[in-house]
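Student: I would like to learn how to read a protein model. Please take me through it one feature at a time.

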Amino acid sequence: MTVCTIGILVIGCGNKNELPQEETVNQTLNVAIYAATETEGQITPLEPALLQECVSLDKIIHYDKDGDYITVPFQLKDSVGYAKITEANIGKRIVITVDGEVVATPMVQMRIGNGACSVLLSKEQAQNLFPKEKIEKLLP
């Protein structure tokens, strides 16, 4: 007769404040992605937009490590178009606007084929786009 003993060790790290805080939102935003030109550190979107969509948001997130910034994750419906844009711009900057305001100018690192995107908004940008009480719950 063979006896096997299996042990499971669970170790908890950190504290509750290290977990992201989420706030539910039910909102749509107009998102556009542009190619960009960079001159002397100034990043300028190039018209026309490479992709423009109305996206639905279900949550906004605050990670403690991000300080006074809110992460806004969303899913682009045109994942094929987004994949082509990211693939064609690897190693280059793109410009992401939300409701006509430039909110991000990321350097594309890889092709993104699933349509997933997120932007990091300052407290002021987030307050302009979302109800103030939602932001105050995340950034008191």
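**Reading the model**

Tutor: Start with the space: the largest pocket holds about 180 Å³. This is a predicted model, in which local features need pLDDT of at least 70, side-chain atom pairs count only at pLDDT 80 or more, and totals for chains, interfaces and linings use all residues. Residues are numbered from 1 along each chain as its sequence is written, and side-chain values use heavy atoms, with hydrogens and water left out.

Student: What is a pocket, and what is its volume?

Tutor: Rolling a probe the size of a water molecule over the atoms shows where empty space is left. On a 1 Å grid over the protein atoms alone, a pocket is an open set of points where a 1.4 Å probe fits, with protein on both sides within 12 Å along at least five of seven lines; lining residues have an atom within 4 Å of a point. Grid points are joined across faces, edges and corners, and the volume is the space filled by probe spheres set on the points.

Student: How many residues line the largest pocket, and which lie nearest its centre?

Tutor: The lining has 13 residues, and Y82, P106, M107, V108 and I112 lie nearest the centre. By class, 10 are nonpolar, 3 are polar and none is charged. Here Ala, Val, Leu, Ile, Met, Phe, Trp, Tyr, Cys and Pro count as nonpolar, Asp, Glu, Lys and Arg as charged, and the others, Gly among them, as polar.

Student: Which elements supply the lining?

Tutor: Elements are DSSP runs numbered from the N terminus: helices (H or I, at least four residues) and strands (E, at least two). At least two lining residues each come from α1 (79-88), β4 (94-98) and β6 (116-122), and β6 gives the largest share, 3 residues.

Student: In what order do the elements of the chain run?

Tutor: From the N terminus, the order is β-β-β-α-β-β-β-α-α, which comprises 3 helices and 6 strands.

Student: How do I tell what is buried?

Tutor: Buried means under 20% relative accessible area, exposed over 50%, and partly exposed in between (1.4 Å probe, protein chains only). Of the 140 residues, 34% count as buried. In α1, the buried residues are G81, Y82, A83, I85 and T86. Their cover includes β1 (21-39), β2 (42-62) and β6, where contact means heavy atoms within 4.5 Å.

Student: What does Y69 touch?

Tutor: Leaving out residues up to four places away in sequence, Y69 touches I61, H62, L120, L121, S122 and L139. Y69 lies in strand β3 (residues 69-75) and is partly exposed, at 39% relative accessibility. Y69 and S122 are 53 residues apart in sequence, yet 4.6 Å apart in space, C-alpha to C-alpha.

Student: How many disulfides are there?

Tutor: A disulfide is a covalent bond between the sulfur atoms of two cysteines. The rule asks for a pair of cysteine sulfur atoms within 2.5 Å, and the count is 0. C54 is partly exposed, with 38% relative accessible area, whereas C117 is buried, with 10%.

Student: Where is a cis peptide bond found?

Tutor: The bond from E47 to P48 is cis, with omega near -5°, and P48 is in strand β2.

Student: Is E40 buried or exposed?

Tutor: E40 is exposed, with a relative accessible area of 83%. This residue is in the loop between β1 and β2, and its phi is near 50°, a positive value in a residue other than glycine.
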